[in-house]
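This report covers a helix packing and an aromatic contact. The sequence and structure are shown first.

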Amino acid sequence: VVVPLLLFVGGHMQRDIPNAIAHARQQAPHTRFSISAPFGDHASTVECMAAQVRARRAGDRSSVCVVVGRGASELEAQRGFESVLDALRERAPIDEYR
């Protein structure tokens, strides 16, 4: 089982991991491979992020949260990012997210 330590489907999920599995299949043709989904907007992933936001802003109600992600050229990654950002806003409400 391949567990990508990634948030969204982007280039690594679409190209790099399948290429690595194809190479591994050549080396071990009788081995079954499966890929788990990226972490994405799973509730436990978002809650972990929200806990970090809450901990860092403890008592500072004027905080701004800047959320940074990669894979912006991939439409699916953009959608995933927006979904995580929406969920994060619900779980760790602050005045402004960027």
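A crossing of two helices is called right-handed if the near helix is turned clockwise from the far one by less than a right angle, and left-handed if anticlockwise. In this predicted model, helix 2 passes helix 3 in a right-handed crossing.

On the side of helix 2, the contact is made by Ala 43, Val 46, Glu 47, Met 49, Ala 50, Val 53 and Arg 54. Helix 3 contributes Val 84, Ala 87, Leu 88 and Arg 91. By class, the residues of this contact comprise eight nonpolar, three charged and no polar.

How many aromatic pairs does the structure hold? There is one aromatic pair, formed by Phe 8 and Phe 81. The arrangement of Phe 8 and Phe 81 is edge-to-face, with 6.3 Å centre to centre and 65° between the planes. Phe 8 lies in the segment before helix 1 (11-27) and Phe 81 lies in helix 3, so the pair ties together parts that are 73 residues apart in sequence.

| Residue | Relative accessibility | Class |
|---|---|---|
| Phe 8 | 12% | buried |
| Phe 81 | 21% | partly exposed |

The cut-off for buried is under 20% relative accessible area. At 12%, Phe 8 therefore counts as buried, whereas Phe 81, at 21%, counts as partly exposed.

Terms used. Residues are numbered from 1 along each chain as its sequence is written. This is a predicted model: local features need pLDDT of at least 70, side-chain atom pairs count only at pLDDT 80 or more; totals for chains, interfaces and linings use all residues. Side-chain values use heavy atoms; hydrogens and water are left out. Helices (H or I, at least four residues) and strands (E, at least two) are DSSP runs, numbered from the N terminus. Contact means heavy atoms within 4.5 Å. Ala, Val, Leu, Ile, Met, Phe, Trp, Tyr, Cys and Pro count as nonpolar, Asp, Glu, Lys and Arg as charged, and the others, Gly among them, as polar. Rings of Phe, Tyr and Trp (its six-membered ring) pair if their centres lie within 6.5 Å; planes under 30 degrees apart count as stacked, over 60 as edge-to-face and the rest as tilted. Buried means under 20% relative accessible area, exposed over 50%, partly exposed in between (1.4 Å probe, protein chains only).
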